[in-house]
Amino acid sequence: MTLAAVLAALLALGVVARGMGFLPVLGLVDAVAMLASGTPPLTQSGAGVALLLGIAPGLVLSRYQADATPEGQQAALPSFLALALMVLLLLAGSRVQGGQFPAGLCIVAAGLVSVACRRGMVWQWAGLLTCAQGVLLSAVMAGQVMAFGAGALGGLVVLVLGALCAQRVLPRRARALKGEKRRNEV
Amino acid sequence: MRFEDFTVLLAALAFVWPFLGAVGVCLAPTERSRDVALWMAGLGCALAVAVFVFLATGGVSAGWEDDPVQRAGRVMLALGLWVTVLEHGIFRERLLRSVPHVSTALAGLGCVASEAAIGLGILFLALAWGVFVFMRPAGQALAGWQIGRTGAVGLLLALAGLTLPAHGLTTGLVLACGLVIMTGLTPFCAPAREGQGALLLVPFSGAALLLAMRLRAYGGVGFDMALVAAGLVSVWTTACLPATARTAEDRARVFRVFPVALALMAVGVGADVAALLLLCGWCVAGGSRVGQGWAARALACFPPGAPFVGCLLMLSVLVDWSWELALLAVAGVLLGIARAWPDASARTVFGTGEQTMGFRDLWPEDRAGRLAFVTLAGMGFLVPLAMMLGAF
């Protein structure tokens with residue numbers, strides 16, 4: 001268990017509470033956690049994919065206006081639910097796996113709560129990417145190459161599908177439209 | 001060519017064939033695309049049956065030989081593709097035509113992959129292709145996103161379970177949760193949209209069931225318990241849903257995932273043949289056929305048919321597992337059957353009405369329905385016979 005792994009689990013809670021803004025930081029901390037645990041070739045590729053999954057959505061969304069889907073009144077409830085799930089998983093994990101902190105699983109649980117409890121497409125996209133980050137961390141910590149490959153593929157699929165959906169659903173920012181017009185004029 | 005080489009070639013061709021079908025239907029002119037799809041799907045069925053009968057053996061077949069139940073499961077997936085193609089008209093959009101073929105091909109490949117994680121990765125590809133195609137028409141982006149979101153959550157959860165140590169309680173629970181969400185079981189997932197979504201979801205859920213059979217050895221006791229519990233909750237939810245389903249069509253829609261719930265219970269108790277029969281019911285009568293009377297009755301385990309036989313087999317194994325759970329399951333299934341019983345025939349059965357169930361309610365009018373009905377009745381007879389002869 002490293003400090004970065006614990007921090008990553010806490011940052012995943014931030015994604016549940018605040019959405020896409022926490023995703024780049026989560027990606028960064030996740031990458032550090034991977035580099036700190038596991039064997040070199042897998043950790044390096046894992047860190048690369050985690051960084052990509054953390055940073056790319058922000059870059060895509062910078063071209064579009066914010067998602068205006070109204071959320072429910074119980075905004076604080078998902079965080080508590082995620083926290084409770086994490087504590088339960090921590091207890092179950094410590095009993096079954098001899099004291100190992102299942103950080104990846106906690107991140108997956110937080111992402112799941114974000115997908116299930118939020119209505120906005122962008123928030124759900126952030127939740128799915130958080131899930132993928134958790135799977136990657138878990139696979140790297142366990143040293144499972146196949147699961148890591150499938151998780152990376154899944155993360156990339158979610159990234160592309162989310163970007164396609166955001167392109168179709170969200171209106172463009174005025175600045176991006178202006179830039180496009182200028183390029184057309186040139 | 002030796003016979004062993006021929007069987008390996010046959011197995012390889014059976015995996016490649018649906019991809020060829022997808023290319024064929026994309027390239028064919030729109031008017032002829034349905035005929036091409038029918039021929040390709042029909043030949044794919046014949047190939048799947050041939051692979052089941054002629055098992056790849058010998059030195060060159062390393063990696064191709066697998067469990068007979070898995071091979072029979074791929075026959076069910078191929079049959080489901082044939083019925084799907086037969087019941088739909090001509091799709092104007094080229095890529096949409098390829099979705100059932102591609103998803104069936106990738107589902108078959110995912111089930112035969114040497115490691116379950118690779119299989120889940122392949123299913124990610126199937127999901128990506130299906131959702132990409134569904135998202136393309138105007139105004140369909142969010143509907144496609146909903147399908148992709150549910151599938152991706154299930155796949156990621158199952159992958160997370162695979163990264164945990166084998167036979168752990170957490171491992172089993174997480175794996176089972178992932179597979180349950182992949183199958184789209186009713187109370188745990190939002191009800192899936194009908195229509196085009198079924199082109200992807202029918203083989204996707206089928207592949208999840210076949211993968212669940214393989215993952216039982218990895219998941220341990222927690223996996224079995226979670227699958228049985230999820231199936232039981234789904235059966236009871238279907239049976240006791242509030243009386244919002246007034247019309248016959250609504251009632252039929254409620255029973256959409258009934259065989260999947262029973263199949264998950266069968267996987268949990270280790271009754272693979274029962275799960276296979278229920279998978280046959282899901283592939284052939286599920287999907288967008290739920291609005292039709294015969295399909296609703298088949299899904300609700302009415303005799304004759306594969307789901308009925310599968311349900312009996314599953315209950316017989318469940319009794320050995322735990323008689324309390326078996327009692328609960330029998331009560332849930334009976335309650336479900338009572339709800340699925342058509343109003344007119346119910347009056348007749350209880351002797352208080354004049355209306356009778358017409359021949360049309362039993363024997364479907366369209367070609368796809370007739371093929372599905374004959375398949376269900378045939379499989380309900382053939383699979384137990386094969387089990388008695390020692391094929392499984």
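User: What are the ground rules for the model?
Analyst: It is predicted: local features need pLDDT of at least 70, side-chain atom pairs count only at pLDDT 80 or more, and totals for chains, interfaces and linings use all residues. Residues are numbered from 1 along each chain as its sequence is written, chains are lettered from A in the order written, and side-chain values use heavy atoms, without hydrogens or water.

User: How much area is buried between chain B and chain A?
Analyst: About 2800 Å², meaning accessible area (1.4 Å probe) lost on being put together, summed over both parts. Carbon and sulfur atoms give 80% of it.

User: How many residues are in the contact?
Analyst: Chain B gives 33 and chain A gives 34. Contact means heavy atoms within 4.5 Å.

User: New topic. How do α14(B) and α15(B) pack?
Analyst: α14 (residues 306-321) and α15 (residues 323-340), both of chain B, pack at about 150°, axes 6 Å apart. Helices are DSSP runs (H or I, at least four residues), numbered from the N terminus. Axes are lines fitted to C-alpha atoms over the stretch in contact, with angles from 0 to 180 degrees between N-to-C directions.

User: Which residues meet there?
Analyst: Among them, L315(B), L318(B) and W321(B) in α14(B) meet residues including W323(B), A329(B) and V333(B) in α15(B).

User: What does M265(B) touch, leaving aside neighbours within four places in sequence?
Analyst: L227(B), V228(B), G231(B), L232(B), V235(B), M314(B), L318(B) and A329(B).

Technical notes
Helices (H or I, at least four residues) and strands (E, at least two) are DSSP runs, numbered from the N terminus. Buried area is the accessible area (1.4 Å probe) that two parts lose on being put together, summed over both.
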